[in-house]
Amino acid sequence: MHELSIARSVVSTVCERAGDRRVHSVSLIIGALCAVVPESLRFCFDVVTADTVAEGARLDIETPPGVGHCRDCGADVALPDPILVCACGSTDIEVRSGRELQIVSMEVS
Ligand SMILES: [Zn+2]
């Protein structure tokens, strides 16, 4: 399960950074092309944080839309999901954003 492995890697990074401090919230940016279901990721996050310093932490997820550039017609293409097709019918799309997956901030005390 895609979301579970993402949750595991996020939580292990967060707990490492937090040390002995308590984690209250974590903010993530996950590009629309990562095909992550936010509700599913939230569920996995809750499961994985159980018995860690991040137990009960709030998870904020921002999902910026994908943007690509068509190599055939030169158009910039909005990519709402991982299916890379231009309006001209071409699938030769250079992805410019939407695949980011990063922890942007975390609140600890
Ligand atoms: Zn095109």
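Ser27 is found in strand S1, where strands (E, at least two residues) and helices (H or I, at least four residues) are DSSP runs numbered from the N terminus. The model is a predicted one, in which local features need pLDDT of at least 70 and side-chain atom pairs count only at pLDDT 80 or more, while totals for chains, interfaces and linings use all residues. Residues are numbered from 1 along each chain as its sequence is written, and side-chain values use heavy atoms, with hydrogens and water left out. With a relative accessible area of 15%, Ser27 is buried, a term that means under 20% relative accessible area, against over 50% for exposed and the range in between for partly exposed (1.4 Å probe, protein chains only). Not counting residues up to four places away in sequence, Ser27 touches Asp60, Gln102, Ile103, Val104 and Ser105, a contact being heavy atoms within 4.5 Å.

Strand S1 belongs to an open sheet of three strands in the order S2-S1-S6, with mixed pairing; two strands pair if DSSP finds at least two bridges between them. Strand S2 (58-62) and strand S6 (101-108) are the edge strands, and each pairs on one side only. Neighbouring strands of this sheet are turned by 15° against each other on average, direction ignored, where axes are lines fitted to C-alpha atoms, for helices over the stretch in contact, and angles run from 0 to 180 degrees between N-to-C directions. The pairing of S1 (residues 23-30) with S2 is parallel and extends over five bridges, and Ile29 stands opposite Glu62 in S2. Helix H1 (residues 2-18) lies across S1 and S6 and runs at about 40° to S6, whereas helix H2 (residues 38-49) lies across S1 and S2, at about 155° to S2.

The largest nonpolar core has 19 residues, of which Val23, Val26, Leu28, Ile30, Leu41 and Leu59 touch the most other members; such a core is a set of buried Ala, Val, Leu, Ile, Met, Phe, Trp, Tyr and Cys residues joined through side-chain atoms within 4.5 Å. Two or more residues are given to this core by each of H1, S1, H2 and S2, and H1 gives the most, with six residues. Apart from this core lies another, of seven residues, among them Leu33, Leu84, Cys86 and Ile93.

A second open sheet is formed by three strands in the order S4-S3-S5, with antiparallel pairing. Strand S4 (76-79) and strand S5 (93-97) each have a single partner strand, so one side of each is left without a neighbour in the sheet. Here the neighbouring strands are turned by 35° against each other on average, direction ignored. Strand S3 (residues 66-70) pairs with S4 over four bridges, and the bridge partner of Val67 is Ala78 in S4.

A zinc ion is coordinated at 2.3 Å by the SG atoms of Cys70, Cys73, Cys86 and Cys88, donors being N, O and S atoms within 2.8 Å of the metal (3.2 Å for Na, K and Ca); water is not among the atoms, so sites may look incomplete. The spacing of the donor residues in sequence is C-x2-C-x12-C-x1-C. The four donor atoms subtend angles of 104 to 113°, and the arrangement is therefore tetrahedral, because four donors count as tetrahedral if all angles lie between 85 and 135 degrees.

Technical notes. Four donors count as tetrahedral if all angles lie between 85 and 135 degrees; four count as square planar and six as octahedral if opposite donors are over 155 degrees apart and all others between 65 and 115; anything else is irregular.
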